Amino acid sequence: MLRQLTEHIKYLPACERGDRPALAYIAGRNRALMVDAGNSPAHARLFLQALERQGLPAPDYIALTHWHWDHCFGLAALEGTSLCSAETNAKLAEMARWQWDDASMAQRLRDGTEIAFCDQNIRLEYPDRGQIAVRTADIAFSGALCLNLGGLTAQLLPLPNSHAAGSLAVFVPEEQALILGDIICEDYYSGNPPAHDPAKLAGMIEALEALDFEIALYGHGEPATDSKEALMGYLREVLAACGAQEKERD
């Protein structure tokens, strides 16, 4: 069931089972944008069915915040024009060549290409992994991109972050809303435990401070929304903790 984020933005909440992230729907007068494509065709279809129940049209555009499987494997079930960063699209092209048999998945775990959490949830979401079809985006771009949806603009913004190269946040200034995907999360692929790069985190904080938003939608977890003040306070605490850890290592 879709929930209301702002007057013109709705979202399908995240679901822990299968690691399904929140999916957003931004409705302008002329066009609608979906943010992230879901972790499977089944997840994408659930979103489309929720739109249909509310009499809303399928999205004209789909923006991918980053390349991690749970945000993009549903793209094959969607018909709108898809967009992502050039870095994300290069990773999608790489994953489109992957094999999904047990031996191939086990090898990706051994060499660090994949992590156990994703491996487990892919198996849960796809009982038949032969159904996995990774699709690249229709439009890949560098830098920022602004979509005019009619009375609303959706700014696709690359931000410094530790989580995934090429990640985007989606800012809707008219709604003072920010859709973050997983951009505030740690890097889960480069070490154990997961960690932030302090310089990238500091750069993200500086970029977010410059945006006039009052509400933010996260990729996973509840509550799904929060104020700018709370988000920035949390990120500053994380940055301070990173600095303390570096001092301990020195």
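Start by selecting aspartate 36: this residue is buried, with a relative accessible area of 2% (buried means under 20% relative accessible area, exposed over 50% and partly exposed in between, with a 1.4 Å probe and protein chains only). You are looking at a predicted model, where local features need pLDDT of at least 70, side-chain atom pairs count only at pLDDT 80 or more, and totals for chains, interfaces and linings use all residues. Residues are numbered from 1 along each chain as its sequence is written, and side-chain values use heavy atoms, with hydrogens and water left out.

Stay on aspartate 36 for a moment. It lies in the loop between strand S4 (32–35) and H1 (helices, H or I with at least four residues, and strands, E with at least two, are DSSP runs numbered from the N terminus). Check the backbone too: aspartate 36 has a positive phi of about 75°, although it is not a glycine. Most residues other than glycine have a negative phi.

**The cavity**

A cavity here is a set of points on a 1 Å grid over the protein atoms alone where a 1.4 Å probe fits but cannot get out, and lining residues have an atom within 4 Å of a point. How much space lies in the largest cavity? About 40 Å³, where a volume is the space filled by probe spheres set on the points, and grid points are joined across faces, edges and corners. The structure holds one cavity of 30 Å³ or more. Colour the lining by type and you get five nonpolar residues, three polar and one charged (Ala, Val, Leu, Ile, Met, Phe, Trp, Tyr, Cys and Pro count as nonpolar, Asp, Glu, Lys and Arg as charged, and the others, Gly among them, as polar).

**The loop between S2 and S3**

Next, pick aspartate 19, in the loop between S2 and S3. This aspartate also has a positive phi, about 60°, without being a glycine, and aspartate 19 is buried at 12% relative accessible area.

Then click on arginine 20 and show its side chain. Which residue does arginine 20 form a salt bridge with? Glutamate 125, with the closest N and O atoms 2.7 Å apart (a salt bridge is a side-chain nitrogen of Lys or Arg within 4 Å of a carboxyl oxygen of Asp or Glu). Arginine 20 lies in the loop between strand S2 (9–12) and strand S3 (23–27) and glutamate 125 in helix H5 (residues 116–125), so the pair ties together parts that are 105 residues apart in sequence. Both ends are tucked away: arginine 20 is buried at 17%, and glutamate 125 is buried at 15%.

**Along H5 and beyond**

Keep H5 selected. Its buried residues are Cys118, Asp119, Asn121, Ile122 and Glu125, and they pack against helix H1 (41–53), H2 and H4 (contact means heavy atoms within 4.5 Å).

From there, show Asp102, Asp119, Arg123 and Arg129, which are linked in a network of salt bridges. Zoom in on arginine 129 and aspartate 102, whose closest N and O atoms are 2.8 Å apart. Arginine 129 lies in the loop between H5 and strand S7 (139–141) and aspartate 102 in helix H4 (residues 102–110), so this pair ties together parts that are 27 residues apart in sequence. Arginine 129 is buried at 19%, whereas aspartate 102 is partly exposed at 47%.

For another salt bridge, select aspartate 138 and arginine 135, at 3.9 Å from N to O. Aspartate 138 is partly exposed at 48%, and arginine 135 is partly exposed at 26%. The count for the structure comes to seven salt bridges.

**Helix H3**

Select residues 86–95, helix H3, and pick out its buried residues: Thr88, Asn89, Lys91, Leu92 and Met95. Seen down the axis of H3, they fall within an arc of 160°, so they line one face of the helix (the arc is that of the directions from the helix axis to the C-beta atoms). These buried residues pack against helix H2 (69–72), strand S6 (81–85) and S7.

**Last stops**

Leucine 157 is in strand S9 (residues 153–158) and is buried at 14%. Leaving aside neighbours within four places in sequence, leucine 157 is in contact with Ala144, Ser167, Leu168, Ala169, Phe171 and Leu211.

Finish at glutamate 7, in the loop between strand S1 (3–6) and S2. Is glutamate 7 buried or exposed? Exposed, with a relative accessible area of 64%. Glutamate 7 and glutamate 175 are 168 residues apart in sequence and 7.5 Å apart in space, C-alpha to C-alpha.

Methods:
On a 1 Å grid over the protein atoms alone, a cavity is a set of points where a 1.4 Å probe fits but cannot get out, and a pocket is an open set with protein on both sides within 12 Å along at least five of seven lines; lining residues have an atom within 4 Å of a point.
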